Amino acid sequence: MSITIRPFEFTDFPPAHDLWANTPGIGISQHDDTPEGIRIFLERNPGLSFVALAEGELVGTILCGHDGRRGFIYHLAVVPHLRRRGIGTALADAAVNALQSNGIHRCHLFVLADNQEGMDFWLSRHWRLRDEIALFTLDIPLPNTQI
């Protein structure tokens with residue numbers, strides 16, 4: 001089976017969202033992982049996010065962006081029956097190479113604390129688990145939304 005890695009296009013959203021929703025360990029945001037949220041993310045970060053296709057069917061994703069200083073990776077997912085075949089690694093490499101091409105020298109990613117498979121994947125690719133950093137979150141209500 002031939003796998004193709006190409007940039008994530010907005011039209012990839014429906015099957016990508018289905019993959020995320022059906023992948024344990026992927027946290028979906030009700031605000032950011034909407035069609036509009038992903039459209040905005042892709043427009044702000046052109047050419048940094050990728051999909052993997054097998055026979056024309058979406059089988060993997062990675063969202064990647066940067067703030068001009070640091071890169072950030074979200075939603076690396078591969079369909080279960082095609083895992084451990086290098087697809088996740090190819091997606092991660094594509095994102096890191098795209099960041100490097102944009103002059104970004106450090107990248108962070110978030111893995112849910114109970115997602116051991118995800119942590120094992122990143123650790124096996126020489127990413128460091130940072131235990132000296134505490135993550136804080138503030139949900140900011142958007143205009144015209146209820147608190």
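## The largest nonpolar core

The largest nonpolar core has 37 residues, and Phe-8, Trp-20, Ile-62 and Leu-91 touch the most other members. A nonpolar core is a set of buried Ala, Val, Leu, Ile, Met, Phe, Trp, Tyr and Cys residues joined through side-chain atoms within 4.5 Å. Buried means under 20% relative accessible area, exposed means over 50%, and partly exposed is in between (1.4 Å probe, protein chains only). At least two residues of this core come from each of helix 1, helix 2, strand 2 (50–54), strand 3 (57–66), strand 4 (71–78), helix 3 (87–101) and helix 4 (116–124). Helix 3 gives the most, with seven residues. Helices (H or I, at least four residues) and strands (E, at least two) are DSSP runs, numbered from the N terminus. In soluble globular proteins, nonpolar side chains tend to be buried together.

Contact means heavy atoms within 4.5 Å. Not counting residues up to four places away in sequence, Leu-91 touches Ile-5, Phe-50, Val-51, Ala-52, Gly-60, Thr-61, Ile-62, Leu-76, Ala-77 and Val-78.

## Basis of the model

This is a predicted model, in which local features need pLDDT of at least 70 and side-chain atom pairs count only at pLDDT 80 or more, while totals for chains, interfaces and linings use all residues. Residues are numbered from 1 along each chain as its sequence is written, and side-chain values use heavy atoms, with hydrogens and water left out.

The buried residues of helix 1 are Phe-13, Ala-16, Leu-19 and Trp-20. They cover an arc of only 125° around the axis, so they are on the same side of helix 1. The arc is that of the directions from the helix axis to the C-beta atoms. An α-helix has 3.6 residues a turn, so residues three or four places apart point the same way. Helix 2, strand 3 and strand 4 are among the elements that cover the buried residues of helix 1.

Thr-23 is in the loop between helix 1 (13–21) and helix 2 (35–44). Its relative accessibility is 8%, so Thr-23 counts as buried. The side chain of Thr-23 reaches the backbone oxygen of Leu-19 at 2.6 Å. Leaving aside neighbours within four places in sequence, Thr-23 is in contact with Ala-77 and Arg-83.

## Aromatic pairs

The structure holds six aromatic pairs. Rings of Phe, Tyr and Trp (its six-membered ring) pair if their centres lie within 6.5 Å; planes under 30 degrees apart count as stacked, over 60 as edge-to-face and the rest as tilted. The ring centres of Phe-121 and Trp-122 are 5.0 Å apart and the planes are at 85°, so this pair is edge-to-face. Trp-122 also pairs edge-to-face with Trp-127, at 4.9 Å centre to centre and 65° between the planes.

Phe-121 is buried, with a relative accessible area of 18%, and Trp-122 is buried at 9%. Trp-127 is partly exposed, with a relative accessible area of 22%. Elsewhere, Phe-8, Phe-13 and Trp-20 form one aromatic cluster.

## Cysteines

A disulfide is a pair of cysteine sulfur atoms within 2.5 Å. By this rule, the count of disulfides is zero. Cys-64 is in no disulfide, and the nearest cysteine sulfur, that of Cys-107, is 5.3 Å away. Cys-64 counts as buried because its relative accessibility is 0%. Cys-107 also counts as buried, at 17% relative accessibility.

## Residues with positive phi

Most residues other than glycine have a negative phi, and most peptide bonds are trans. Glu-55 has a positive phi near 50°. Glu-55 lies in the loop between strand 2 and strand 3 and is exposed, with a relative accessible area of 71%.

His-75 has a positive phi near 55°. His-75 is found in strand 4 and is buried, with a relative accessible area of 12%.

## A residue of helix 2

Ile-40 is found in helix 2. At 29% relative accessibility, Ile-40 counts as partly exposed. Ile-40 and Ile-104 are 64 residues apart in sequence and 20 Å apart in space, C-alpha to C-alpha.

Terms used:
A polar contact is a pair of N or O atoms within 3.5 Å; within protein, one must be able to donate a hydrogen and the other to accept it, and residues adjacent in sequence count only if both atoms are side-chain atoms.
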